[in-house]
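Subject: Structure handover

Hello,

Here is the structure for you to look at. My notes on it follow below.

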Amino acid sequence: MPQSLAQVWLHLVFSTKHRTPFLRNHDFRQEMFCMLAHNVKQTKCIVATVGGWEDHVHCLVGLTRTLSIADLIETIKTETSKWAKDAEHGNSLFTWQAGYGAFSVSHSNMSKVVDYIAKQDARHTKLTYQDEFRKICKRHNVPIDERYVWD
């Protein structure tokens with residue numbers, strides 16, 4: 001076949017370093033979501049949605065066939081971290097954690113993930129980022145080592 005085709009949807013999850021609530025300001029958080037979406041698009045990937053809470057983000061992304069997950073994450077973290085240091089409600093100390101979670105999403109489940117990401121505000125009145133991440137990993141059968149997952 002002379003043409004290469006792919007449809008790979010990923011639910012990306014990562015937090016701020018030490019889960020510092022750099023995204024506490026609502027306006028800044030919304031701007032960060034826009035900047036994440038913009039930087040995902042710059043990589044030629046597709047953005048279905050971006051959301052999150054005061055200390056972490058979720059992105060539902062369609063991965064282009066020519067980019068690795070690691071390269072995508074590195075690009076969006078680097079670019080948004082640079083932006084956040086100088087943004088109006090940002091912080092010169094802003095940084096993302098070193099790691100991330102990347103979970104496959106079937107096309108038939110995309111609307112569920114979009115809805116899940118949209119409800120972050122309500123979810124985090126009762127649930128910490130760490131507990132949420134543990135649940136996501138468990139749902140995807142991804143074992144985590146508590147000694148290394150929370151930098």
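A nonpolar core, as the term is used here, is a set of buried Ala, Val, Leu, Ile, Met, Phe, Trp, Tyr and Cys residues joined through side-chain atoms within 4.5 Å. Buried means under 20% relative accessible area. Please keep in mind that this is a predicted model.

**The cores**

The largest nonpolar core has 25 residues. Met32, Leu72 and Phe94 touch the most other members. Strand 1, helix 1, strand 3 and helix 2 each give two or more residues to this core. Helix 1 gives the most, with six residues.

Which residues does Met32 touch, leaving out those up to four places away in sequence? They are Leu23, Thr80, Trp83, Ala84, Phe94 and Trp96.

There is also a second, separate core of 15 residues. Leu60, Phe103, Val105 and Trp150 are among its members. As a general point, nonpolar side chains tend to be buried together in soluble globular proteins.

Four strands make an open sheet in the order 2-3-1-4, with antiparallel pairing. Strand 2 (46-53) and strand 4 (101-105) stand at the edges. Each has a single partner strand, so one side of each is left without a neighbour in the sheet. From one strand to the next, the twist averages 20°.

Now the pairs. Strand 2 and strand 3 (residues 56-63) run antiparallel and are joined by seven bridges. Thr49 has Leu60 in strand 3 as its bridge partner. Strand 1 and strand 4 are also antiparallel, paired over five bridges. There, Leu12 stands opposite Ala102 in strand 4.

Strand 4 has two faces. Gly101, Phe103 and Val105 are on the covered one. Ala102 and Ser104 are on the uncovered one.

**Helices on the sheet**

Helix 1 (residues 26-42) lies across strand 1 (8-15), strand 2 and strand 3. Helix 1 runs at about 155° to strand 2. Helix 5 (residues 129-139) packs on the sheet too, touching strand 1, strand 3 and strand 4. The direction of helix 5 makes about 150° with that of strand 1.

Helix 1 has 17 residues. From its first C-alpha to its last it reaches 24 Å, close to the 24 Å expected at 1.5 Å a residue. Its buried residues are Phe28, Arg29, Met32, Phe33, Leu36, Ala37, Asn39 and Val40. They pack against strand 1, strand 2, strand 3 and helix 2 (69-86).

Look at both ends of helix 1 as well. At the start, a side-chain oxygen of Asn25 comes to within 3.0 Å of the backbone nitrogen of Asp27. Just after the helix, Lys44 takes a positive phi of about 75°.

Is Thr80 buried or exposed? Thr80 counts as buried, because its relative accessibility is 0%. A polar atom of its side chain lies 2.6 Å from the backbone oxygen of Ile76. The side chain of Thr80 also reaches the backbone oxygen of Lys77, at 3.4 Å. Not counting residues up to four places away in sequence, Thr80 touches Met32, Met35, Leu36, Asn39 and Trp96.

*His58.* This residue is found in strand 3. His58 is buried, with a relative accessible area of 0%. Where do the polar contacts of its side chain go? One goes to the side chain of His11, at 2.8 Å. Another joins the side chains of His58 and Gln120, at 3.0 Å. His58 and Leu12 are 46 residues apart in sequence, but 5.5 Å apart in space, C-alpha to C-alpha. Leaving out residues up to four places away in sequence, His58 touches residues including Val13, Thr49, Tyr116, Glu132 and Ile136.

*Gly99.* This one sits in the loop between helix 2 and strand 4. Gly99 counts as partly exposed, because its relative accessibility is 26%. Neighbours within four places in sequence aside, Gly99 is in contact with Phe14, Lys77 and Asp151. Gly99 and Ser15 are 84 residues apart in sequence and 8.4 Å apart in space, C-alpha to C-alpha.

Best wishes

Conventions:
Residues numbered from 1 in each chain as written. Predicted model: local features only at pLDDT ≥ 70, side-chain atom pairs only at ≥ 80, totals over all residues. Heavy atoms only, no water. Pairing = 2+ DSSP bridges. Axes fitted to C-alpha atoms, helices over the stretch in contact; angles between N-to-C directions. Contact = heavy atoms within 4.5 Å. Expected span 1.5 Å × (residues − 1). Buried < 20%, exposed > 50% of the residue type's maximum accessible area, 1.4 Å probe, protein only. Polar contact = N/O pair within 3.5 Å; in protein donor to acceptor, adjacent residues only side chain to side chain.
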